[in-house]
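Keep the view open as you read.

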Protein chains: 2
Amino acid sequence: MSGSVTVIGLGPGDAGTLTPDASSALDGATDLVGYSTYLDMVPDHVAATRHGSDNREEAARAAAALDLAADGRRVVVVSSGDPGVFAMAAAVLEQLDAPEPPERWSDVTVEVLPGVTAAQATAARAGAPLGHDFAVISLSDNLKPWPVIERRLDAVAAADLVIALYNPASRARPHQLSEAVDVLLRHRAPDTVVVLGRDVGRPGETIRIVSLAEVPDAGVDMRTVVIVGSSQTRRLTTSDGSVRAYTPRRYPGVDEA
Amino acid sequence: MSGSVTVIGLGPGDAGTLTPDASSALDGATDLVGYSTYLDMVPDHVAATRHGSDNREEAARAAAALDLAADGRRVVVVSSGDPGVFAMAAAVLEQLDAPEPPERWSDVTVEVLPGVTAAQATAARAGAPLGHDFAVISLSDNLKPWPVIERRLDAVAAADLVIALYNPASRARPHQLSEAVDVLLRHRAPDTVVVLGRDVGRPGETIRIVSLAEVPDAGVDMRTVVIVGSSQTRRLTTSDGSVRAYTPRRYPGVDEA
């Protein structure tokens, strides 16, 4: 009897954003497969055997999950956020789409369950910066060339979309965020509203609202999601002194339509 | 004593994607404010008074929620999907950011809770089409000029992002989707993989995987989310005959890096 692979996302980290479907999948699993840091975020009461691995081993991890399922196990592959956004769902499908996938995988049931992303959690805490058209772009050049990233940033900035940046910085790529900001500054004002969400939904969460010009020196690290506003994104100080950011639903030029 | 406004998203519709935080907010509410169609999706056991209104009345609805909260009520504003994505969170913040908001709103606590969007739910059911950089664009020209929409579609298509299209068609705008497809075809092949998710997470849900050239005649309506793949998005037929779509994590040009 063949088993199943269910690819889930934990959401940003707190139990309050873990969907009931993902929670049920965890409770019914015999095996959990994932990056060790994410497996550590799975609630303690989940009894399944945990197979943790290093980051950047997505392909091997996906194959291991399919192998376990072929042995009849109910495997849950654990991502953070949404498993469909820069995470394990694509890695599992890539394995199934390989030129000659192992025959034993052919009866494995594969399901993907969506989750709340870090960008959405950051946006909610800050207000509503993603309230109008937006793009989601990873600055990591592990899997795509930097010129592709630059071209994409230039295009979405020129088209005045809000931009959520994932993987904004790392020790291996300390200059990429400032290079990205330089590209954005071709089309956006230096005082463009930017939201920095670090460890949102996890202990020590911080939300900062800064200007685009301040981003390169803002101490952004890999645990930070950067949401760069459009020309329309606004900063609002509420009566209790807290600062919010939002992008209005209306874009200039239609009032007279 | 002032009350609170909590802006939540129900997710795509099924109880399995309603987050525990949103569920708790509903259980603790005295009043629910929202588009009547969405209020009808709130679980029956939620006892709060329901204030339903028509679609397109977002500003009045947001003001009504703040008024109720100023009277000390615990108000939950109900969107579908994520309230931060083309939904009520921005509408509430716009009210607070008006030139002279009513003094009585000043002590109202406002919180936004993220949710799973229709695009994410559609992507999960189809596989992982949002597995790489993507954009989310509404085709509705109620609140922005059509030339802005065209420019955005052209830019993100040229930059080869996956594109999730909201509000793809309506009786008032029957030709916009085909005009949008014409713009995308400047940069994408006619056989580009497209996912059509209709009523995902609701009764009668359908997922179809078609080509970009087939979209204009595919019977897309306002209850459909359209996810247009990048040049890299692939179609995969699994051993049980079901078709999936996914966008690989790797973009061409880095294998030799």
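The paragraphs below go from the single chain to the pair of chains.

The model is predicted. Begin with chain A. Its residues fall into domain 1 (4-116) and domain 2 (119-246). The centres of these two domains, taken over C-alpha atoms, are 28 Å apart. Where they touch, 8 residues of domain 1 of chain A are in contact with 8 residues of domain 2 of chain A. The side belonging to domain 1 of chain A has 4 nonpolar, 3 polar and 1 charged residues.

Now find strand E1 (residues 4-9) of chain A. Of its 6 residues, 6 are buried, so the strand is largely enclosed by the rest of the structure. In a regular strand the side chains alternate between the two faces of the sheet. Follow E1(A) residue by residue. A:Ser4, A:Thr6 and A:Ile8 point one way. A:Val5, A:Val7 and A:Gly9 point the other way. Residues of both sets are buried.

Which strands pair with E1(A)? One is strand E4 (residues 74-79) of chain A, joined to E1(A) in the parallel sense over 6 bridges. Here A:Val5 stands opposite A:Val75. Another is strand E5 (residues 109-112) of chain A, also parallel to E1(A), with 4 bridges. In that pairing A:Ser4 has A:Thr109 as its bridge partner.

Move on to another sheet of chain A. It is open and has 3 strands, in the order E6-E13-E12, with mixed pairing. Strand E6 (127-128) and strand E12 (234-237) are its edge strands, since each pairs on one side only. E12(A) and strand E13 (residues 243-246) of chain A run antiparallel and are joined by 4 bridges. Within this pairing, A:Thr237 has A:Val243 as its bridge partner.

Next, bring in chain B. How is chain B superposed on chain A? A rotation of 180° does it, with 0.0 Å of shift along the axis and an RMSD of 0.0 Å. That is the relation of a two-fold axis. To locate the axis, look for B:Ala135. Among the residues of chain B, B:Ala135 comes closest to the axis, with its C-alpha at 2.0 Å.

Turn to the contact between the chains. On each side the count is given: 63 residues of chain B are in contact with 63 residues of chain A. Several elements of chain B each supply at least two residues to this side, including helix H1 (20-28), helix H4 (88-96), helix H5 (118-126) and helix H6 (146-158). Strands contribute too, among them E7 (134-138) and E12 (234-237) of chain B. By class, the side of chain B has 36 nonpolar, 14 polar and 13 charged residues. The copies meet through the same surface, because 100% of the interface residues of chain B are also interface residues in chain A.

Strand pairing also crosses between the chains. Strand E7 (residues 134-138) of chain A runs antiparallel to E7(B), and 3 bridges join them. A:Val136 has B:Phe134 as its bridge partner there.

The largest nonpolar core has 170 residues. Among those with the most contacts inside it are A:Val92, A:Val156 and A:Ile163, along with B:Val92, B:Val156 and B:Ile163. What does A:Val156 touch, leaving aside its neighbours within four places in sequence? In chain A, its contacts are A:Ala135, A:Leu161 and A:Ile163. From chain B come B:Ala135, B:Ala155, B:Val156 and B:Ala159. B:Ala135 is also the residue that comes closest to the rotation axis in chain B.

Definitions and conventions. Residues are numbered from 1 along each chain as its sequence is written. Chains are lettered from A and ligands numbered from 1 in the order in which they are written. This is a predicted model: local features need pLDDT of at least 70, side-chain atom pairs count only at pLDDT 80 or more; totals for chains, interfaces and linings use all residues. Copies are superposed by least squares on the C-alpha atoms of residues with pLDDT of at least 70 in both. Two residues are in contact if their C-beta atoms, placed from the backbone, lie within 7 Å. A nonpolar core is a set of buried Ala, Val, Leu, Ile, Met, Phe, Trp, Tyr and Cys residues joined through C-beta atoms within 7 Å. A residue is buried if 20 or more other C-beta atoms lie within 10 Å of its own, exposed if 12 or fewer, and partly exposed in between; C-beta atoms are placed from the backbone. Ala, Val, Leu, Ile, Met, Phe, Trp, Tyr, Cys and Pro count as nonpolar, Asp, Glu, Lys and Arg as charged, and the others, Gly among them, as polar. Two strands pair if DSSP finds at least two bridges between them. Domain bounds come from an automatic or database domain assignment.
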